[in-house]
Amino acid sequence: MVEPPPLPEYDRFHSAHVPELRPDHIPLRWEPLRYGNRARVRDYTCDCRPTFYELCHSGGECFIRRTRRLNGQVLVDECMRGRTARTLEAWTRLLAGEAG
Ligand SMILES: [Zn+2]
């Protein structure tokens, strides 16, 4: 039997990848996740990376959820809970490597 060729890169379904944080990035203050996991996810980064992010909406508030897979553990925290405009700005910066 012939091995199927590996999938070309464009055949994988990757979402946005967060670039390396720039040295002059704005530090975000990550806090323990509140209200469990009940939230609507509006946008997300690719989970092929050990750390991925989700832009969430819950109870009229917006926030960024971070999931980190470290040594077999899954750590989840959040930041920028509050008004959509402010959270969205942080999200845009995070996607550009300007905040994290
Ligand atoms: Zn990916």
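**Thr-45 and the sheet around it**

Thr-45 sits in the loop that links β2 and β3. The model is predicted, with a mean pLDDT of 90 for the protein chain. The chain holds one helix and five strands, and along the sequence these elements come in the pattern β-β-β-β-β-α.

**Thr-45**

- Thr-45 counts as buried because 21 C-beta neighbours lie inside 10 Å, where the cut-off for a buried residue is 20 or more.
- Outside the four places on either side of it in sequence, Thr-45 is in contact with Ser-15, Ala-16, His-17, Val-18, Phe-52 and Tyr-53.
- From Thr-45 to Asn-71 the C-alpha to C-alpha distance is 21 Å, and the two residues are 26 apart in sequence.

**The β2–β3 hairpin**

- Strands β2 and β3 make a hairpin, with six residues between them.
- Strand β2 covers residues 40–44 and strand β3 covers residues 51–58; the two run antiparallel and are joined by four bridges.
- Within this pairing, Val-41 is opposite Cys-56 of β3, and Tyr-44 is opposite Glu-54 of β3.

**Sheet and helix**

- The five strands build an open sheet with antiparallel pairing, in the order β1-β5-β4-β3-β2.
- Strands β1 and β2 are the edge strands, each pairing on one side only.
- Helix α1 lies across β2, β3, β4 (61–70) and β5 (73–82).
- The angle between α1 and β4 is about 35 degrees.

**The chain as a whole**

- The C-alpha trace spans about 55 × 30 × 25 Å along its principal axes.
- The protein chain has 100 residues, of which 18% count as buried; Thr-45 is one of the buried residues.
- Taking contacts between residues at least 6 apart in sequence, 48% join residues at least 24 apart.

**Confidence**

- In the protein chain, 90% of residues reach a pLDDT of 70 or more.
- Among the helix and strands, confidence is highest in α1 (residues 84–95), at a mean of 97.
- The lowest mean, 94, belongs to strand β1 (residues 31–32).
- Where pLDDT is low, the predicted coordinates should not be read in detail.

Methods:
Residues are numbered from 1 along each chain as its sequence is written. This is a predicted model: local features need pLDDT of at least 70, side-chain atom pairs count only at pLDDT 80 or more; totals for chains, interfaces and linings use all residues. Two strands pair if DSSP finds at least two bridges between them. A residue is buried if 20 or more other C-beta atoms lie within 10 Å of its own, exposed if 12 or fewer, and partly exposed in between; C-beta atoms are placed from the backbone. Two residues are in contact if their C-beta atoms, placed from the backbone, lie within 7 Å. pLDDT is the predictor's confidence in each residue, from 0 to 100. Axes are lines fitted to C-alpha atoms, for helices over the stretch in contact, and angles run from 0 to 180 degrees between N-to-C directions.
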